[in-house]
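Colleague: Hi, I'm new to this one. Could you walk me through it?

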Amino acid sequence: MSRGRDAASRGGAGAPEEGPARARPARGRPSAPPPASTAAPRARPPRPPWDFGYAPVPTAAGDDDGGPLDIVVALRRAAAPGDVAAALAARWSALEVERVIERPPIFWLRVRSPEGGRRAEVAAALSAAALPVRYVASARRPSAAVAPRFDAAAGAAARAEGWTVRGASFEEDPVTPGRWFLRDEEGGIGVDRRRCGSGAGMRLGVIDDDAWAADELGLDREVLVMLEHPPRSQAHGSFMVAWAVGSRRPGGFRGVAPDASPRLYLIPKPGSCVLALPVAIVQAVSDGADVVVCAAYVEGSTTPMLDDALEFAARLGRRGRGCPVVFPTGREASSPPASLHASFSLGFGEPASDPRVFCVGPGARGEGWFLWRDRRGRSRPFANRGPAVRWLAPGDDLTCPLPPASGAAPASGASGAAPESGAAPASGTSGAAPASGASGAAPESGAAPASGAAPLSERLCHAESSGASALAAGVLLLVLSRNPALRLPELDALVLRTLAPVPPAAPPSAEPIADPWDLFPDGRDRDGHNAKHGYGRIDAGRACLAAGDPIALALVLIGEDRAARAWHDARAAGPLARGLYSRRLARWAVRALLADPSLCHGVCALARHARLTAGDDARRRAHGAGVVLRQLSVLVRGLAASRQAPPAPPRVRDEVAALLDDLERSAIDAAAVQAVESRFGELADAVFADAAERRARQGAA
């Protein structure tokens with residue numbers, strides 16, 4: 001749905017972006033020369049660094065209130081369809097009432113009748129029959145109305161039942177050019193299997209409207225939502241599952257979280273109704289999904305039911321911790337009135353702009369926003385911009401995770417690139433088929449390589465924002481596998497604080513640019529946000545290190561990723577570091593640091609002190625005996641007494657109390673003080689080995 005592309009291509013750096021066109025003199029009438037004061041071109045006022053042509057494509061269909069009934073009745077408690085039909089029978093005939101969801105605190109029924117009527121009439125009739133109506137909404141048309149609050153305490157937290165999880169596979173990821181997105185270089189997400197794991201024990205729900213080759217995925221289950229038969233014309237949904245998790249094992253493609261267990265929830269194509277998306281979200285969360293991603297075309301489907309579904313996910317998902325829901329930015333190009341430039345704007349009323357959603361845009365291979373080359377070799381955007389964009393994830397040429405069809409190829413989008421949500425790229429771009437041999441990759445041979453071995457050839461696909469959202473969902477699975485106790489706001493804060501910054505300007509490799517206006521805004525806000533990039537690129541390596549250990553979190557926050565990896569390895573293998581505290585305490589302490597800024601500052605200060613004194617006994621002695629023990633005692637005391645920290649489980653609370661007792665006893669024993677200081681120095685030397693070696697070389701010089 002790339003409307004306005006021709007208009008955008010006609011625009012240039014000097015073309016007007018908005019405002020009325022300058023009036024031309026009428027034909028046959030001599031025009032007087034302009035006054036001297038207006039003969040010179042007027043200087044355009046400087047553009048604010050946050051500004052761009054913010055005008056989305058209109059996607060909302062007109063309201064159908066007053067027409068034939070096709071509505072959703074949301075109640076505060078369960079009611080039989082027959083009771084609803086009886087309450088409405090005096091006014092409407094040929095009623096069809098079906099139960100859609102009955103999962104406290106959500107109770108939806110769909111009511112249809114060929115006779116017209118207004119939704120207010122329906123609500124009044126139901127209230128007169130003593131049925132507790134929350135709202136009545138259209139089942140076919142979008143609405144920006146917010147659903148009345150439901151009582152979350154009346155509903156049980158979502159727990160997985162019958163959704164089998166996978167154990168760790170311990171397989172190596174193949175190293176190929178098209179799998180750059182997993183690496184730390186070239187703008188990848190930095191997956192480090194040794195420290196990130198493989199997502200074992202996690203569950204992923206993927207919502208899509210088509211899934212050719214679904215039998216290649218090793219799904220736990222395929223769930224049809226308001227469908228009778230699974231759509232099999234395109235591979236979009238299958239690509240999302242494969243990039244996030246992988247394809248059928250053994251020997252198949254390994255995604256970001258290859259040992260997570262996926263379910264695919266298939267919904268109807270856009271345009272038929274707006275009810276399927278919220279139903280799919282509620283069902284996936286109720287089934288026990290740890291992460292839900294929807295990269296299908298859902299623009300123009302905001303409804304009160306979607307509001308209910310996202311609130312349900314945030315408050316009752318993952319046993320009450322909150323289930324993250326991931327959406328792509330999408331790609332809607334339009335040329336606003338009186339403008340020659342495409343806006344590529346994410347509408348503020350679209351589902352991806354909801355503050356409870358993690359909205360993901362596509363990043364380029366290398367750095368920056370994903371741009372594609374048109375037939376003339378000029379760079380153009382492939383995603384929307386907007387205030388709601390959270391993160392970037394790779395969306396450039398990725399390895400195609402599914403083998404090609406044997407015999408006749410499936411419809412466009414199934415045999416190569418996964419088409420962007422709702423839109424097939426223009427002819428000549430890589431959306432219709434993979435770029436055969438692009439970036440040095442040869443066409444797919446058809447046989448899947450053995451796991452851990454580099455394939456003889458690989459196809460590359462433009463993942464765009466759809467694939468970027470799948471990769472981001474895979475990263476969230478890895479992070480949650482490191483610390484399943486993270487609540488949704490804590491997960492958000494952890495990912496935010498471990499992002500890789502993205503320069504707002506396009507890299508030189510993107511030249512020539514088709515229209516410089518496409519790359520606005522050219523600056524970042526004070527909080528680091530840019531409408532194209534969000535807050536930065538998601539980094540799995542940093543986020544997974546920080547998720548499971550408070551010291552690793554502090555080291556990542558101060559920019560010492562190598563030291564964080566060394567600390568992780570010391571905790572995994574060394575008895576000295578491993579014996580300091582349990583993994584249970586470590587996971588809870590991470591949550592406490594994310595919630596308590598003062599406590600987090602104290603741990604970061606301790607990490608900075610260790611960095612400054614590593615390998616230098618003179619510096620340690622200069623600060624006096626017992627200072628490290630004192631700081632540790634204060635930090636553990638603050639950990640035990642923090643009002644911002646989440647409630648500690650009983651075993652964690654007991655361990656913190658015992659640790660604090662040990663520190664206080666050590667403070668009155670000179671030998672114990674020396675032992676604590678000595679052990680701290682050993683750990684600092686090991687973690688900051690580079691700093692210690694550098695300082696030793698400086699001393700020798």
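Modeller: Happy to. Let's begin with a term: helices (H or I, at least four residues) and strands (E, at least two) are DSSP runs, numbered from the N terminus. By that rule, Ala85 lies in helix H3, residues 81–88.

Colleague: Thanks. Where does the model come from, and how are residues numbered?

Modeller: This is a predicted model, where local features need pLDDT of at least 70 and side-chain atom pairs count only at pLDDT 80 or more, while totals for chains, interfaces and linings use all residues. Residues are numbered from 1 along each chain as its sequence is written, and side-chain values use heavy atoms, with hydrogens and water left out.

Colleague: Back to Ala85, then. What does Ala85 touch?

Modeller: Contact means heavy atoms within 4.5 Å. Not counting residues up to four places away in sequence, Ala85 touches Leu95 and Val97. The C-alpha atoms of Ala85 and Leu95 are separated by 6.6 Å, and the two residues are ten apart along the chain.

Colleague: Is Ala85 buried, exposed or partly exposed?

Modeller: Buried means under 20% relative accessible area, exposed over 50%, and partly exposed in between (1.4 Å probe, protein chains only). Ala85 has a relative accessible area of 23%, so it is partly exposed.

Colleague: And how about the whole protein? How many helices and strands does it have?

Modeller: There are 21 helices and 15 strands. The protein has 701 residues, and 54% of them count as buried. Among contacts between residues at least 6 apart in sequence, 80% join residues at least 24 apart.

Colleague: Is Leu126 buried or exposed?

Modeller: Leu126 counts as buried, at 0% relative accessibility.

Colleague: Now a charged residue. What's the story with Asp70?

Modeller: Asp70 is found in strand E1, residues 68–75. With a relative accessible area of 8%, Asp70 is buried. Apart from neighbours within four places in sequence, Asp70 is in contact with Arg110, Val111, Arg112, Ser138, Ala139 and Arg140.

Colleague: Let's switch to helix packing. How are two packed helices described?

Modeller: By the angle between their axes and the distance between the axes. Here the axes are lines fitted to C-alpha atoms, for helices over the stretch in contact, and angles run from 0 to 180 degrees between N-to-C directions.

Colleague: At what angle do H9 and H10 pack?

Modeller: H9 (residues 464–482) and H10 (residues 488–497) pack at an angle of about 110°, with their axes 11 Å apart. Angles under 35 degrees count as roughly parallel, over 145 as roughly antiparallel, 65 to 115 as roughly perpendicular and the rest as oblique. H9 and H10 are therefore roughly perpendicular to each other.

Colleague: Which residues of H9 and H10 meet?

Modeller: Leu476, Val479 and Leu480 in H9 meet Leu491, Leu494 and Val495 in H10. By class, that contact has six nonpolar, no polar and no charged residues. For the classes, Ala, Val, Leu, Ile, Met, Phe, Trp, Tyr, Cys and Pro count as nonpolar, Asp, Glu, Lys and Arg as charged, and the others, Gly among them, as polar.

Colleague: How do H9 and H11 cross?

Modeller: The axes of H9 and H11 (residues 540–547) come within 8 Å and cross at roughly 20°. That makes H9 roughly parallel to H11. In this pair, Val475, Leu478, Val479 and Arg482 of H9 meet Ala540, Ala543, Cys544 and Ala547 of H11. The residues of this contact divide into seven nonpolar, no polar and one charged.

Colleague: Last topic, the backbone. Where are the cis peptide bonds you would show me?

Modeller: A cis peptide bond joins Pro104 and Pro105, with omega about 10°. Pro105 lies in the loop between strand E2 (96–103) and strand E3 (106–116). The bond from Phe520 to Pro521 is cis too, with omega near 0°, and Pro521 is found in the loop between H10 and H11.

Colleague: What is phi for Phe170?

Modeller: Phe170 has a positive phi of about 60°, although it is not a glycine. Phe170 counts as exposed, at 74% relative accessibility.
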